[in-house]
Amino acid sequence: MADRHVDVLLVGGGAASHACAVALRERGFPGSVLLVGRELDPPYDRPPCSKEYLRGERSRDATYLALPDDVEVLTRTSVLRLDPAARVARLSSKAEVSFEHALLATGANVRRLAVDGAQLDGIHYLRALGNADAIREDALGGASGGTGGAAVVVGGSYLGTELAASLTLMGKRVTVLMQEDVALQRAYGRQAGAWFQALLEDHGVRFVGGCDLAGFVGDAEGRLAAVRTSRGEELPAGMAVVAAGAVPDVMLAKAAGLDIGATGGVRCDAALRVAGVEGLWAGGDMCEWDSALHGGPARVEHWEVASAHGRTAAAGIAGAPAPHAEVPYFWSDVADWVSSEYVGVVGAGGWDEEVVRGSLDEGVFSVFQLRGRRVVGALSVRRGADLDEARRLIVAGGQLPPDALPGT
Ligand SMILES: Cc1cc2nc3c(=O)[nH]c(=O)nc-3n(C[C@H](O)[C@H](O)[C@H](O)COP(=O)(O)OP(=O)(O)OC[C@H]3O[C@@H](n4cnc5c(N)ncnc54)[C@H](O)[C@@H]3O)c2cc1C
């Protein structure tokens, strides 16, 4: 016998759960809603962790997301076990909660790199507000040993570039160590990536590309002194932040016997119903759903996608399930130097053609990504209206004639 019953249990206190709670009430859903999150903080805006919050420009409270008063929130509480058939969850408080519907939205954890020296002081990972606090403290506390304020960021994707920009503004001399030849190459392609890298270089960031992290070297006190590359180079650094991607958190889902897909997320149908389980939904970074737009199973780690998933799940819970059909949208702020926006359904298939609109030289441009003459993605810098067109073309899905999408 469970200790209590709720109509909707939201597992995880991130973007997907938050959006689901808000959307349920907006839809007039009258039932009880309980959100259970294991972090110290109530649901908050995660993207500022590498941006304004990290730099101390936004307070902790200002990152908190508003929730309807009649949504109950438990912080510092984990869902330890889930029995999907009985529809009962066991919490770390030992309480057992039965539910009609549950949304699994446990997000992702950082990908940790097991290399020599990984235990040294001064090595950071970034996922939560607390990680941002520790990075800020190190960066502003002059944690550079004899390295003259040098910091290394491992990883050249959006998180790596945002971190490099923020740490530079905080007075560090930053080197980015990355596998890619140019920053942001995997998401934005080589030519746009080179443009972003040049912008960061103009602000003093150094890049060491085409190379892996080999290990960390410590000083006599057990603090980081240098970062070793796979080419044998040693980059002096009193602190390092590893931004090497995230791994969907499917521990709870796996233990509950749920199907995990090839992307590492929990398998869901197009309306985000967990495969084969009545009353169970999933959303956000840990959800792999059947996406008509992607042409198959997809998993995406973007804030707006997690929020949109929450809304799709809310529709289903409220009795109006429908396929999740929003084109994934993503943005990234490299300090206040530049913002980029992106829409796309690229997935593992990549793209084979790029069409540039505007001018990279002038810093006002879009890059459309095409696969087999079909638009599958678009990046925009200061040309946001192009993304509306890209969205339309992605949804339409047809092949473009050879002369379509000329650069202007
Ligand atoms: C530093 C940083 C910057 C980012 N910047 C951007 C950006 O600029 N643009 C963008 O589009 N995206 C950005 N992202 C990605 C975006 O934040 C994520 O895609 C989004 O947060 C995913 O939401 P979610 O609800 O799936 O999971 P999360 O936000 O990760 O929330 C999941 C929550 O569930 C909790 N949890 C896990 N297991 C349990 C359990 N068993 N019981 C209870 N609670 C549990 C976790 O602790 C976590 O709090 C950024 C991510 C990071 C880390």
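## Ligand shell

Ala, Val, Leu, Ile, Met, Phe, Trp, Tyr, Cys and Pro count here as nonpolar, Asp, Glu, Lys and Arg as charged, and the others, Gly among them, as polar. By that scheme the shell around the ligand holds 15 nonpolar, 11 polar and nine charged residues. The model is predicted: local features need pLDDT of at least 70, side-chain atom pairs count only at pLDDT 80 or more, and totals for chains, interfaces and linings use all residues. Residues are numbered from 1 along each chain as its sequence is written, and side-chain values use heavy atoms, leaving out hydrogens and water.

In total, 35 residues surround the ligand, each with a heavy atom within 4 Å of it. Glu-39, Lys-51, Val-79, Arg-127 and Asp-285 are the closest.

## Polar contacts and burial

A polar contact is a pair of N or O atoms within 3.5 Å. Lys-51 places a polar side-chain atom 2.7 Å from a ligand oxygen. For a polar side-chain atom of Arg-46, the distance to an oxygen atom of the ligand is 2.9 Å. Val-79 uses its backbone: a polar atom there lies 2.8 Å from a ligand nitrogen.

The ligand alone exposes 990 Å², of which the protein buries 96%. These areas come from the Shrake-Rupley method with a 1.4 Å probe. Helices H1 (15-26), H3 (158-169) and H7 (303-317) and strand S21 (329-334) each give two or more residues to the shell. H3 supplies the largest share, three residues. Helices (H or I, at least four residues) and strands (E, at least two) are DSSP runs, numbered from the N terminus.

S4 (residues 79-83) and S5 (residues 88-91) run antiparallel, joined by four bridges; strands pair if DSSP finds at least two bridges between them. Val-79 has Leu-91 in S5 as its bridge partner. Four residues separate the two strands of this hairpin, and Arg-87 takes a positive phi near 55 degrees.

S5 also pairs with S6 (residues 96-104), antiparallel, over three bridges.

## The five-stranded sheet

S21 belongs to an open antiparallel sheet of five strands, ordered S21-S22-S25-S24-S23. S21 and S23 (353-359) are the edges; each has a single partner strand, so one side of each is left without a neighbour in the sheet. S24 (residues 364-371) and S25 (residues 374-381) share seven bridges, and Phe-368 stands opposite Ala-378.

Technical notes: A polar contact is a pair of N or O atoms within 3.5 Å; within protein, one must be able to donate a hydrogen and the other to accept it, and residues adjacent in sequence count only if both atoms are side-chain atoms.
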